[in-house]
Amino acid sequence: FQHLFFSKKRTPLLYGLLDEIIHIAKEYELYSMLVEHLRLKKIIISPKSSKKEFEKINKEMDYYWDCNRMVNKAEHYYYELIMLSEYSGKPDEEKYSSFFEKAIAELDEYYEQTKSPLIKYHKKFLELGFYQHRENYLKSRSVCLELLDVVNKNKSVYRRQRVGVVYDNLSRCELYLAFSMRLAEDATAHSLQALNNARQAQECFNLNSENYCIALEQEFYAVFYQKAEDRRQKATTTNNEQLTTTNGQLAIDIANKMLASATRKELGEFRYSKYNYLLANALFSERRFTEALHILSQSTALSTDKAGWETGVRILKIMTLIEMLKLDEASLAVHSLKRYFSRTDKETPIRARDKKILNLLLLAERKGFMFTMLNGNTDKYLHALAPSLKGERENISDSFFWEPFTHEVIPFHEWFAEKMKKSLISEPQRIRKREREKVISR
């Protein structure tokens, strides 16, 4: 087309190609290309067109240029959300709330003006993030399924890679639902679905790409937390090879695959460091403490997120030193963490849960890490960190709850309680247990 246009030969082929380009650009919402070719059409027809036709093209150009601006803004919000969630292990509640309120309202207005599937796609992603932020995981999954529908039914949105991104998010929704289930059977069902969705996502991406590694990361979480659930429930699943006691080694294999499936440059220093940290958690969970400590002792890009991922690295390193009975080093690391929190909290607030974790570590350190000798305040701190039914936690701040997909990969309260050889049964649950025992004894 460009060759014909600049040759000044106004053939029927030129006009046909131009109309086809304009039609395809509209269909696929390629607004920059669309405006440019509408401009060329205006140049071609202007000498012999009526003023009405000339103004019509001009109006179209203005409209689609505005569409281009709105689609670009929608895409900007999409990537801003990714950056908010990806590069901080500690969610900033105020920043998140402000972001969602502004961005979703703006994209609602844009969609009403344009009915653009691309804007709808980005808007639905913000809604997904909003409902996940509000811990409404059923609604999150529902939005994910709507997203899948938007991607598959619109030419302007459909990309195999986008299908993979939706499956990746669907996997995360299923895993959130698994964490919220009271019954082990329900949790396992959602974990299985999360694992399947993560693998469906991988099929949509090129091998050794960054997105492929992100889908592997989601598979890692599904396998890693299913292993933890199996251990808590003392149950194994005999009809699915992936959800047995081999999950620990499988999590290590997936973490290694994440690191090997793309170059360090392609992953970026932060994501590369994060994947090493996830590997350290998997090694710790399998009691391979020497290997975990080697990773945790290295200086990485996670240090840029002081109140998030760097805090997670420091706490896991203390846990590893304790498990290896390097108690002098553990003692020094605990006091180093205390000074680190004191410095960091002045610039970036340390989350309340991490401060409680430090309190527990200080109590343990004073007893020479003789965990069975701990009592009193230890129980109070520990049960504040332990998850239980919301109705039983009315007097405990949400800021103490454990959250998945943060820098605290291994729930600290479970590890600490195991060291104390104590149950995490809450007081209301103890009362109900005693009442049941009385009924049985009658």
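This is a predicted model: local features need pLDDT of at least 70, side-chain atom pairs count only at pLDDT 80 or more; totals for chains, interfaces and linings use all residues.
Local features were taken at pLDDT of at least 70 and side-chain atom pairs at pLDDT 80 or more, whereas totals for chains, interfaces and linings use all residues. Residues are numbered from 1 along each chain as its sequence is written, and side-chain values use heavy atoms, with hydrogens and water left out.

The nonpolar core is treated first. Such a core is a set of buried Ala, Val, Leu, Ile, Met, Phe, Trp, Tyr and Cys residues joined through side-chain atoms within 4.5 Å. Buried denotes under 20% relative accessible area, exposed over 50%, and partly exposed the range in between, with a 1.4 Å probe and protein chains only. The largest core holds 130 residues. Within this core, F220, F371, F412 and F416 touch the most other members. Helix α4 (residues 51–86) supplies the largest share, eleven residues. Helices (H or I, at least four residues) are DSSP runs numbered from the N terminus. F220 contacts (heavy atoms within 4.5 Å) A251, I254, A255, M258, L278 and A282, leaving aside residues up to four places away in sequence. In soluble globular proteins, nonpolar side chains tend to be buried together.

Cysteines were examined next. A disulfide requires a pair of cysteine sulfur atoms within 2.5 Å. By this rule the count is zero. C173 is in no disulfide, and its nearest cysteine sulfur, that of C144, lies 4.0 Å away. C173 is buried at a relative accessible area of 0%. C204 is also buried, at 13%.

Salt bridges number 28 across the whole structure. Each is a side-chain nitrogen of Lys or Arg within 4 Å of a carboxyl oxygen of Asp or Glu. D66 and R69 form one of them, at 3.0 Å from N to O. Both residues lie in helix α4, three residues apart, about one turn of the helix. D66 is partly exposed at 29% relative accessible area, and R69 is partly exposed at 41%. A further bridge joins R141 and E174, at 3.3 Å from N to O. R141 belongs to helix α7 (residues 137–153) and E174 to helix α8, so the pair ties together parts 33 residues apart in sequence. R141 is partly exposed, at 24%. E174 is buried, at 6%. R314 and E310 also pair, their closest N and O atoms being 3.0 Å apart. These two residues are four apart in helix α15 (residues 309–323), about one helical turn. R314 is partly exposed at 24%, whereas E310 is buried at 13%. A network of salt bridges links D108, K123, K124, E127 and E146.

Aromatic pairs total 30. Rings of Phe, Tyr and Trp (its six-membered ring) pair if their centres lie within 6.5 Å; planes under 30 degrees apart count as stacked, over 60 as edge-to-face and the rest as tilted. Y31 and Y64 are stacked, at 5.9 Å centre to centre and 20° between the planes. Y31 sits in helix α3 (residues 31–45) and Y64 in helix α4, so this pair ties together parts 33 residues apart in sequence. Both Y31 and Y64 are buried. Y64 also pairs with Y63: the ring centres are 5.0 Å apart and the planes stand at 70°, so the arrangement is edge-to-face. Y63 is partly exposed at 37%, whereas Y64 is buried at 15%. One aromatic cluster comprises Y137, Y176, F179, F220, Y221, F224, Y225, W402 and F405.

Backbone angles complete the account. Most residues other than glycine have a negative phi. E29 has a positive phi, near 55°. E29 is in the loop between α2 (12–27) and α3, and is buried at 7%. E135 likewise has a positive phi, near 65°. E135 lies in the loop between α6 (117–133) and α7. At 40% relative accessibility, E135 is partly exposed.
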